[in-house]
Every structure is written in structure tokens, then in C-alpha cells.
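Please read the following note with the sequence and the model side by side. The points are numbered so that each may be checked in turn.

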Amino acid sequence: MKKLLLFVCTALFFAACQPNETTTQTTSVEKSNIDKSTVDATVCALKAKFPNADESLLSRGVKHVANLWIASDGSAEVFKTFCEANYVADKNERVLVFNKISRNIEIITGYFNKITLDLLEPVHLNTFEKHAIDNEFGAYSVDAHWQDDFYKNKIAFIIALNFPPFSLEEKEALAGKWNRQQWAYARLGDYFTARVPAELLQNANNAAAGADLYIADYNIFVGHLTDANDKRFFPEDKVLLSHWNLRDEIKANYANSVDGLEKQKIIYQVMQRIISQEIPEKVINSGDFEWDPYTNVVYQNCKTIEATPEPNERYQQILNNFHANKEIDPYYPDQNTFIKRQYAGAKEISHENTEKIFTDFLKSEETKKVGELIKNRLGRDLQPFDIWYDGFKARSGMDESKLDAQTRKLYPNAPALEADLSNLLEKLGYGKDRAKFLADHIAVDPARGSGHAWGGAKKGQKAHLRTRIGAKGMDYKGYNIAIHEFGHNVEQTISLYDVDNFIMNGVPNTAFTEALAFIFQKRDMLLLDRNDESDQKDALKKLDLFWSAYEIMGVSVLDIRVWKWLYENPEANAAQLRDATMQIAKEVWNEFYAPVYGIKDQTILAVYSHMLNSPLYLSNYAFGNVIEFQLEEQLKGRSFPNEVDRIFKQGKLTPNQWMIEATGSKLSTQPLIQAASESLKKLEN
């Protein structure tokens, strides 16, 4: 998963990206003290002063500054004088001013990134001894006052006046007409769209850090799982992080014909206990007890002991995020809910459109046909955990213990992986010099949690690949995740160093970096020099992607609907949210999965940890699958490195415009649905 940089969210859509701790204290929103007559008079004065200026842009800038201006900034006369003194009408001067602003924002955000990254090292990396004080420093948001400062010193107003924002609808309409300079000006306009108090931003970061910590230490000691017959299923020292490693263990056991199904079923039972919060608190992150998740009985020294369930902490984390972002809502008149800011704002795809795209896909007839194929391949009825069916991949029939042995030998520690990055890129077709450039800008760190990618924010900074590496070395699961994060890092490096200006750096939204991460991850066997050249390879690869999209789109719909419920029930407590989430999960399952699985009322979609520490992020994976397919089709028959470099040098366009320039087509699920249909026919033949 790509780690969202806190200061970047501050600059672009900070309140949309950051959760908060539970608080009911309401901050009054100070309204603008600039009326329409002052705005009109100011516009007229500027038109008279600069008769050749673009009237539309001039008027847009004055109106935007007026919306942000409050009494403490000065009187109406001060406002008018400020606009007259700071409007840049000359095109050459505007370019000069833009370049200076771009340079300075890169410096500011770059060093904020460096400080934040360093402060979080004891929290994120397993090379540090843990202490509670690390959590306090990790929760500190060094950039929380940045926007406040820029309003006070009026730099924000200079930017807003000369580089005003455009709505999503306007960007979509103008996307094909704008040149790179116009795009850059519009993206600079996204930096100051609302005036959120620094205290709310700092509180948001505190809760975000709290959710990260909760998830990072949510390990299940599966070596201590047992059933009523005292049967053990896993090595005693095996520990799996929820939900990522639990899910990956289910995936790994499709190749296990001995007791794979038993292992999958017991892990599924663990997941159900986590979702319902019936899981005994004693067994979370502890190997001191034996636990039968079927009966929910805990043992110590072969004796049954009392074990109280976890006190709805999982759902309290979601509530913390909700209350924080609801406090921020009033500062965004046009995007006055966290849902709107995450979708129409950060993703630049509305939540209404997102839900329609996903539900149309989920209802497609191909889901039933692919489900029937999986059922036949398994030789049994589908189980709820088959949303993670992994049998289409080339590695699905391989003994994972052999893969573990290979990856542990290759990568006994983080430095070994870092030293091999250039070689991995050369296997993907990169020339030696280009591979070295990209690899030299990526550092590998041993993660305490499942891992993530954290990009640089200033030229000269490295992207960080963080993945879990055990004492015996990197097992295959860790390697597979690492290759995913490596894809993020390559995108982060290209879109920082190779985009034509800093303000345009990055991608339209994180779904686009997820797409490249998926593309890298699907080549993990190639990078281990294990190739599948079967005639069915292409068809199976497409079906694997289709089934992954089917899984994650349903989870994304659940995430959206839970947040809609929260806005409808803002006073709900953690127990009520737990019950509502489980009910909504059942409804989503019954609507989109029961027709395929033949089983109703399943809650498995609610197990995703992202719902806690990355609220409303899951849609990025779903869109990432769609983008991945369209990019893979574009890559066919072309140079992988040349196309990846070309495509990700585009920077931060709108999603549809980025896709048009990358592939010639808009973002759409139809090509993936059609490919699944064609692949099914090919396998039949």
C-alpha cells in the first residue's frame, strides 16, 4: 500500500486524507468579511489597471481570495488594496512567479516529509526498540500549521489570487485543451481551497497515528490455534498480521492438497471473530495462550481460562476517523463531507459515479461464470473466503515452502534486497544506467507491520520500500508484498524526478500508483526466474485480475456505505457501528456475492484493516485493478520500461485525461469484463 504523505494531503486535500481522534468539540467557522460589492469593485479596478488581462481568470482569482479572507486578514479596503498590489497580469512575470512558488513549495514539503519520515522510523521499523514515547513523536504533525502560516503571511492569498482552483467538472471539460503550463497553474490552485484550523489537522494526525499503531500490532499467533480435538494447524512460531497476512495464508493454501482447506477454514473463523469483536483480547498479539476460534475457548497450560472479548476497539478506530473529519466538514462548503472530499476531491471521481461503476461490474454475468469455473477447478462448492481464490496465478500450484527457501536465501535482510533492486529492474527490460538511477533512489527498510511505500517529496530524497522481513529472512509473502511496494517506489521516483515541474509531480490519485504496483507484483515469478509459458497463461492472468477486481469492488462499496451510515447516525457508539457494519456487509454480500457463491449473510468483506487506518482508501485498489488491465494491454508488444517511463511522466492530470494520454481510452471496466468473457471461451476451447 502506498503511504499517503501527511503534508501532501495538507497542501491538496488535507482534511480529506486525515482521520482524527474522537472529539465533540465544535470549532466555529469564521465567515468571509468580503461582500459582493467589494469583489465587484476590486475586479473592476483590476480590469482598468490591466486591460489586457484574462477577465475570466482575474475574476475567478478575486472571488476565490474573497471566500478565504476573514476579518483578521484585514478590512474590505485592505482586501482591495492587496489584490491590486499582488495581481500578476504579465504572462512572463506569471511564469517567473509560478517557478519561484514551485521551488519553495518543494523545499517546504520536502523537508516536512523528511522530518515526518524520520520521526516515524521507531514506529514503522522493527530495528528500533519500542517505547510509548515513539508513538507520541510519530503522531506529531510537523506541517499542521503550514496552511495557517501561509494565510497569516498572505502567501496563500497571492497564490489563490493568481492561480485559482478549478472544479472537477471544469477540469474534465478543459483537460484536452490545456497545455502543460495551464495544467500546472490549475494544480497550484488546488493547494489553497479551504482554510482548516491547524488544531484540527494536528488532531487528525494523532488519530491517524493511533489507527496505524493499532493495526501494526494486530498479530494472530496462528501456531497457537487449535480445534476441539486439540489439533494444531501451523508451526508454533508462525505469526500473521491482520488482515493482510491472514488473507495471504488463505491464498497460499490453495496449493496445499493435504490440509489446505482446513487451514483456510480456521483462518476464516479467526476473521469472523475479529469482525464481530468476539475475539478474546488475550490472544491478540500474544502467544501465551491456545485458542479454538470455532468454540472461542482459550486455554493455558491445557486448562480453560476466562477470556473477555476485545471491547469494540476496531470500530472505535473508525469512529475516531469519522468524528475528526466531520469537524472539518464546515470548512469545505462544496465538499462538506469526508466522502465527497475523498472522491470528488482527492480521487477526482465522485462517490456516486464510483459506486455505479463498481456495482455495474459486480452485477455482470461474468462474475457467475468465473465463479462456476473456480468451483469446477476446486472440485467443491465455493466458500466465502474464495473471494481470495489464487489458483489462476502461475505460482498457485507451487509449494510455497520452496518459494520461501528461495526468497530467504536471496534476501536474508533489507540491505540484500536493496542491493538487488537494479538487477530486478534489468530483468524487466531496463537498461543498466536507467535501472541504476531508479534503484539508487529507493531505500529498503524492515517494516514492523505489513509494509508500505513512502515516496520522496523533494528531488534528492529517496522513496522508501518497507516490508516485513523475519529473523530467517524474507519469506515469499514478504517478497510478494515487497515487489508490490517496489512498483510504488518506481512510480514515485519517475513522477517526482521526471515530471516537467514539481507542482505536476505524482499521479491523478493513488489508484494509479496501485496499478503499477499490481503490474510489478504480477511479475514476481519472472523476477525469481520462474516463468509460465503455458498456452493458458494470458487467459488465466485476465481472469485472476477480474476476480481480484470483483473482490475489492465489493469491499469498496461496503466502505462507502458504512461512511454513509455514519453521516446518517453521527451519535452512534462503537457497538452500534459494529452491528451496522456487519449488517451492511451482509447486505453487500447478498446483493453481489450470494448469487455467485450460493451462500447468504456473510460478513467477510468487513475484515479489511484499511477501513480503520486508511478510510475510503479501498476504492484505489479497485480502480487500480481496472487501470492495471488497461495499462497491461497498452504494454503488450511494446518496451516495458519505455512505456512505463512515458506514461508515468505525465504527472497529475485528471484520471480520464491521464488514461487517454496513456492508452488512448478513458477509464472503464468494460475492457476487463470483455476480456474475462473472451478468456472463459478460450479456456472452454
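1. How many positive and negative side chains has the chain, and how far apart do the centres of the two sets lie? The chain has 80 positive and 94 negative side chains, with 3 Å between the centres of the two sets. Lys and Arg count as positive and Asp and Glu as negative, while His and the chain ends are not counted. Each charge is placed at NZ of Lys, CZ of Arg, CG of Asp or CD of Glu.

2. This is a predicted model, in which local features need pLDDT of at least 70 and side-chain atom pairs count only at pLDDT 80 or more, whereas totals for chains, interfaces and linings use all residues. Residues are numbered from 1 along each chain as its sequence is written, and side-chain values use heavy atoms, with hydrogens and water left out.

3. The overall form may be considered next. The radius of gyration of the chain is 26 Å, which agrees with the value near 26 Å for a compact globule of 685 residues. This radius is taken over C-alpha atoms, and the globule rule is 2.2 Å times the number of residues to the power 0.38. Along the principal axes, the C-alpha atoms fill a box of roughly 85 × 60 × 50 Å.

4. The secondary structure comprises 32 helices and eight strands. These elements are DSSP runs numbered from the N terminus (helices: H or I, at least four residues; strands: E, at least two).

5. Of the 685 residues in the chain, 60% are buried. Buried means under 20% relative accessible area, exposed means over 50%, and partly exposed lies in between (1.4 Å probe, protein chains only). Among contacts with a separation of 6 or more, 77% join residues 24 or more positions apart; contact means heavy atoms within 4.5 Å. The chain exposes about 26,800 Å², of which carbon and sulfur atoms supply 49%. Accessible areas come from the Shrake-Rupley method with a 1.4 Å probe, and for residues only the protein chains shown count as cover.

6. Helix H4 (residues 55–68) has 14 residues, which at 1.5 Å a residue should span 20 Å; its end C-alpha atoms are 20 Å apart, in agreement. The expected span is 1.5 Å times one less than the number of residues. The buried residues of H4 include Leu-58, Val-62 and Leu-68. Its buried residues pack against helices H3 (36–49), H5 (76–86), H8 (146–152) and H9 (155–162).

7. Within H3 lies Thr-38, which counts as buried because its relative accessibility is 13%. Apart from neighbours within four places in sequence, Thr-38 is in contact with Ala-76 and Phe-79. In the loop between H4 and H5 is Ser-72, which counts as exposed at 60% relative accessibility. Ser-72 and Asn-33 are 39 residues apart in sequence, yet their C-alpha atoms are 9.3 Å apart in space.

8. Why is helix H16 (residues 338–347) described as largely enclosed by the rest of the structure? Eight of its ten residues are buried, including Phe-338, Arg-341 and Lys-347. Just after H16, Glu-348 takes a positive phi of about 60°.

9. Helix H26 (residues 574–592) has 19 residues and should span 27 Å at 1.5 Å a residue; its end C-alpha atoms are 27 Å apart, which agrees. Among its buried residues are Leu-577, Met-582 and Trp-589. The cover over the buried residues of H26 includes helices H14 (260–276), H15 (313–328) and H25 (537–568).

10. Ala-204 lies in helix H12 (residues 198–216) and counts as buried, with a relative accessibility of 0%. Ala-204 and His-323 are separated by 119 residues in sequence and by 9.6 Å in space, C-alpha to C-alpha.

11. Some backbone details deserve attention. Most residues other than glycine have a negative phi, and most peptide bonds are trans. The peptide bond from Ser-242 to His-243 is cis, with omega near -5°, and His-243 is in the loop between strand S2 (240–241) and helix H13 (244–252). Asp-230, not a glycine, has a positive phi of about 65°; it is in the loop between strand S1 (219–220) and S2 and counts as exposed at 54% relative accessibility. Asp-601, also not a glycine, has a positive phi of about 60°. Asp-601 is in the loop between H27 and H28 and, at 44% relative accessibility, counts as partly exposed.
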